[in-house]
Structures are given as C-alpha cells and as structure tokens.
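Keep the model open as you read.

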Amino acid sequence: SPVIKLTTTASSKWEMQIAADPTGTDIVWESNKLDGGSSVKPQSTNGKFAGSHLGRNTFKMGTYWIRVREPNSAGVWQPWTEWHSPFHVVS
C-alpha cells in the first residue's frame, strides 16, 4: 500500500477516503478517524476497503484519488475536500 502524507493540517485528527475514479463514485478505502501524524499507509488495520475493493487488503493496479476532512476548533467535522492528488499503484 502507498504511504500518503498530508502537506498541511490544522488539526491532529483527520479522515481520508480513496476512490478509484476522480468523482468518488467508487470509494475503495475509508480510514478510521486518524489521531495524530500527517501520513497514513492505507490498510485494513486503520480503515476499511470498500466498493470494488471490498474484501481486499491491498490496492489493485490503477489510479486513485484522495479526499480528506478534519474537525474545526469546536470539534465539528468539516465537509470533505474535493477529490484531488491522483496517485498510481503499479504493482
């Protein structure tokens, strides 16, 4: 699995979703609520595979897109970002 690093975060808590298409129709991995750190290696111990990857524990070869969200200072989870940062899995 790839390691994904955030370039900035205002909060120590965050969530990530990964999709197999740029519009998020096929969300293939959803993180648990992540507490601390600015990087994550998506796997079944810190999230769940879903959509076309349901039952898997690794990513298929292909291109994927990411979106993230975090809570504001009052602890209210904010809307998801747009789908962005495409990355490729080659093996």
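Start with Lys-33, which forms a salt bridge with Glu-15; their closest N and O atoms are 2.9 Å apart. A salt bridge here is a side-chain nitrogen of Lys or Arg within 4 Å of a carboxyl oxygen of Asp or Glu. Lys-33 sits in the loop between strand 3 (27-31) and strand 4, while Glu-15 belongs to strand 2, so the pair ties together parts that are 18 residues apart in sequence. Strands (E, at least two residues) are DSSP runs, numbered from the N terminus.

This is a predicted model: local features need pLDDT of at least 70, and side-chain atom pairs count only at pLDDT 80 or more, whereas totals for chains, interfaces and linings use all residues. Residues are numbered from 1 along each chain as its sequence is written, and side-chain values use heavy atoms, with hydrogens and water left out.

How exposed or buried are the two partners? Lys-33 has 53% relative accessibility and counts as exposed. Glu-15 is buried, at 7% relative accessible area. The cut-offs are under 20% for buried, over 50% for exposed, and in between for partly exposed (1.4 Å probe, protein chains only).

Glu-15 also meets the side chain of Arg-69 in a salt bridge, at 2.5 Å from N to O. Arg-69 lies in strand 7 (residues 62-69) and Glu-15 in strand 2, so this pair ties together parts that are 54 residues apart in sequence. Arg-69 is partly exposed, at 22% relative accessibility. Through shared partners, salt bridges join Glu-15, Lys-33 and Arg-69 into one network.

How many salt bridges does a search of the whole structure find? It finds three. One of them pairs Lys-13 with Asp-35, and here the closest N and O atoms are 3.5 Å apart. This pair links distant parts of the chain: Lys-13 is in strand 2 (residues 13-19), Asp-35 is in strand 4 (residues 34-35), and they are 22 residues apart. Lys-13 is partly exposed, with a relative accessible area of 38%. Asp-35 is exposed, at 58%.

Now turn to the strand pairing. Strand 2 and strand 7 run antiparallel and are joined by five bridges. Two strands pair if DSSP finds at least two bridges between them. Within this pairing, Met-16 stands opposite Val-68 in strand 7. Strand 7 is also joined to strand 8 (residues 84-89), by four bridges, and these two run antiparallel. There, Gly-62 has Val-89 of strand 8 as its bridge partner.
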